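User: I would like a close look at one part of this model: the aromatic pairs and the sheet around them. Please give cut-offs as you go.

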Amino acid sequence: SNGGAVNIADNGGRITVVVPGVTPASVASARLETNLRNVTKGTPNYVSTTTGNRSDEFTFRVTITNTGTATLTGGAFKVQMPAGLEYVANYSRFYYTDAQGVDQVLPLNDAIVSSGVNLPDVPVQYYTYVTYRAKIASNATAGGPYAPSNKFYSNGGAVNIADNGGRITVV
């Protein structure tokens with residue numbers, strides 16, 4: 001349009017508008033996806049929903065994907081456990097790739113379930129993982145589903161999202 005001054009390109013579901021001479025603003029945005037696996041039963045693969053027995057332990061893996069055009073900075077992550085699930089201490093980790101392209105693992109402290117923990121920056125179009133463990137409480141009611149609330153905050157509040165994936169039905 002505008003005599004060729006505006007060009008539009010399709011980027012697989014996203015539309016990018018290019019205006020010559022105008023630098024687009026960077027946008028911070030992210031997506032969370034939670035999956036889990038039953039550690040007690042030795043389940044090797046992560047899934048979005050599963051079943052378990054009281055006292056079974058699960059590893060939750062939350063993928064944080066930077067879907068924006070700005071680095072995710074000043075990130076913080078917090079988990080809230082529902083009644084029926086209990087956090088298992090000393091298993092929380094942050095998996096990321098550093099600026100040299102080397103995979104890294106950063107142990108996270110157990111504040112992940114109280115005040116939350118700070119995370120390193122996530123570059124544009126990168127993804128990272130937060131993992132932690134929880135178990136089904138011995139007094140959990142059969143049924144469900146039970147799912148923790150995973151919360152991610154960054155860029156001074158420009159990104160503030162939650163995910164309640166990784167669901168368990170107690171049998």
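Analyst: The search finds three aromatic pairs, that is, rings of Phe, Tyr or Trp (its six-membered ring) with centres within 6.5 Å; planes under 30 degrees apart count as stacked, over 60 as edge-to-face and the rest as tilted. One of the pairs is F60 with Y132, stacked at 5.2 Å centre to centre with 5° between the planes. F60 belongs to strand β5 and Y132 to strand β10, 72 residues apart; strands are DSSP runs of E, at least two residues, numbered from the N terminus. Both F60 and Y132 are buried (under 20% relative accessible area; exposed is over 50%, partly exposed in between, with a 1.4 Å probe and protein chains only). The rings of F94 and Y96 are also stacked, because their centres are 5.4 Å apart and their planes meet at 25°. F94 is buried at 0% relative accessible area, whereas Y96, at 22%, counts as partly exposed.

The model is predicted: local features need pLDDT of at least 70 and side-chain atom pairs pLDDT 80 or more, while totals for chains, interfaces and linings use all residues. Numbering starts from 1 along each chain as its sequence is written, and side-chain values use heavy atoms, without hydrogens or water.

Next, the sheet. Strands β5 (residues 57–66) and β10 (residues 127–136) are antiparallel partners over nine bridges; two strands pair if DSSP finds at least two bridges between them. R61 has T131 as its bridge partner in β10. Both strands belong to an open antiparallel sheet of five strands, ordered β3-β5-β10-β7-β8. β3 (30–38) and β8 (103–107) are the edge strands, each with a single partner, so one side of each has no neighbour in the sheet.

F60 is also among the residues with the most contacts in the largest nonpolar core, which has 30 residues; V130 and F77 are others. Such a core joins buried Ala, Val, Leu, Ile, Met, Phe, Trp, Tyr and Cys through side-chain atoms within 4.5 Å. Elements giving two or more residues to this core include β5, β7 (85–97) and β10. Beyond its neighbours within four places in sequence, V130 is in contact (heavy atoms within 4.5 Å) with residues including F60, R61 and F94.

The charged end of R61 is 4.1 Å from the ring centre of Y46, and R133 lies over the face of Y91 at 4.0 Å.

How values were computed. Helix = DSSP H or I, 4+ residues; strand = E, 2+ residues; numbered from the N terminus. Lys NZ or Arg CZ within 6 Å of the ring centre and 35° of its normal.
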